[in-house]
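Subject: Structure handover

Hello,

Please load it first, then read the notes below.

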Amino acid sequence: MNPSVATNQEKGQSGYFSESHLQLREELQSFIREEILPNVDEWEDMREYPLRSILQKLGERRLLGLRYAVQYGGQDRDIFSHVVFAEELGRIPSAGISMSIIIHNDMVAPLVANYGTHEQCEKFLVPGLRGDVIFGHAVSEASAGSDVAGIKMTAVAESDHYRLDGVKNVVTNGQEADVFCVLALLPQRHPLTGMVMLMVPRDLPGVEVSEAIPMMGHRTASVTSVTFNEVRVPITYRIGREGAGFLSQLNQFAQEHIISSCRATTMADEMLRLTAEHCRRRITFAKPLIENQWVQFKLAELRADVELCRQCNYTAATIWKEQGDVSMLSAMAKLQSSRLVRKVSDECLQLFGKSAYLEHHQIGRFYRDSRLFSISTGSDEMMLTKIAKLSKINE
Amino acid sequence: MESVIDVDRKLNEIINTVKGTSVELAANDNFIEILNMDSMDIIQLIVGIQQHFGIDIFGDQIDIDVLNEYGKLLSYIEQDLSRMESQGSEQ
């Protein structure tokens, strides 16, 4: 967290960010510096971290749900406050931490805020934005990852409740979540118009959470599978209209792609900052590594790529803010930033050399963590499919 | 405001443009199944409706059943357009 870097970065962003956004950025940097960075190595070793405590501290400082209504614990701020939030989380050298917070704050919370009733916002969103209730997002299944329309979990309407059956895998925050946001298919209905989104408290009978599933990266994300065995979920816990679950989720995914892209882009930016510092210090063949023109060109080239991604994110966020259609640009932003963060991690690891290959090195950890961006919350292939389709490339 | 016939013709056109077809849709047609529409087709349809008629289907929390029958979607759009027109004339 080098303040001078943040300041330089912000000089070209005045069109998007107000003074209050810059204050927010400083506040987040301060929070991360004090509450997270000193503990990252220990948490990575443990493959877990105190998510509840971190969310509660963010809640106390009014840093959660920035764009949601004040009456539900938000701050009535704009989309760009969430851009700042995602960007600063992206710099944390443990992407499991940033992902778990984003899942809570930018994947589940918006579904409740956008599609929930007043009562549902009171019940779920208010404690969620205090950090007292943790959200898990239970959509992916073994046979349906990016292809959300292919889910098999069923929700059968029975008088005043739905009977929920099925298994969700790779559920981020699985170990910690108090409430899972679950997407399920109504029997005999077309997937596109026949799904429901349900808020399912973990303590309902029939909810079984597995042990944490070890992953290559994002090791602090507390990923589990969750089995729902004849779980009776009150109909009043359905978010949005009956049948509208899939489209609500699809709409939210398009917006979340921008948030994911912001996180990936600043992760790449942070790696370049660390690598440039390293190259200035590192002496090889009697001179600093940075004095080699090819090293400067390499870093400059990557720097240009990062800036292009950043500007794409801001354009997409502007369209989102103006309630325009972000389908195409958010997919492009996510595709490009996911690929870029992987490329940057590889190039930076090479410039660092073997030290970055050691277990606790930040660049090595970024290298592992960055790989997930091209897989999670919409794979690269899914983004390409979407772009091809929306561009009518085959016509 | 567009006439009922205009809205019908335009909605037919939007749906057919999404799928690259030239089907004349009838009121009872489940166009999603008839045209084998997938999730991205639906996104394009919703965007097309938003851009042409100014109706935000995601934001309006519609009864999703309107997407199951062409006639229901047409009625929904017509009703929303007349609601918008009457609100405009009151101001």
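Chain A has twelve helices and ten strands; these are DSSP runs numbered from the N terminus, helices being H or I with at least four residues and strands E with at least two. This is a predicted model, with pLDDT of at least 70 needed for local features and 80 or more for side-chain atom pairs, while totals for chains, interfaces and linings use all residues. Residues are numbered from 1 along each chain as written, chains are lettered from A and ligands numbered from 1 in written order, and side-chain values use heavy atoms, without hydrogens or water.

Overall shape. The C-alpha atoms of chain A fill a box of roughly 80 × 50 × 40 Å along the principal axes. Buried residues (under 20% relative accessible area; exposed is over 50%, partly exposed in between; 1.4 Å probe, protein chains only) make up 57% of its 395 residues.

Cores. A nonpolar core is a set of buried Ala, Val, Leu, Ile, Met, Phe, Trp, Tyr and Cys residues joined through side-chain atoms within 4.5 Å. The largest has 124 residues, and Leu164(A) and Phe31(B) have the most contacts inside it. Helix H6 of chain A (residues 95-115) gives the most to this core: eleven residues. A second, separate core has 27 residues, including Met267(A) and Phe373(A).

Helix H9 of chain A. This helix covers residues 293-321. It reaches 41 Å from first C-alpha to last, close to the 42 Å expected at 1.5 Å times one less than its number of residues. Its buried residues include Leu302(A), Arg310(A) and Trp320(A). Just after the helix, Gln323(A) takes a positive phi of about 60°.

- Asp78(A) and Lys321(A) pair at 3.5 Å, N to O. Asp78(A) sits in the loop between helices H4 and H5 of chain A and Lys321(A) in H9, so the pair ties together parts 243 residues apart in sequence.
- Arg273(A) and Glu270(A) pair at 2.8 Å, N to O. Both lie in helix H8 of chain A, three residues apart, and both are buried.
- Asp80(B) and Arg83(B) have their closest N and O atoms 2.8 Å apart. Asp80(B) counts as buried at 8% relative accessibility; Arg83(B) is partly exposed at 38%.

Arg273(A) and Glu270(A) also belong to a salt-bridge network, whose members include Arg25(A), Glu87(A), Arg303(A) and Arg310(A).

Best wishes

Notes
Salt bridge = Lys/Arg side-chain N within 4 Å of Asp/Glu carboxyl O.
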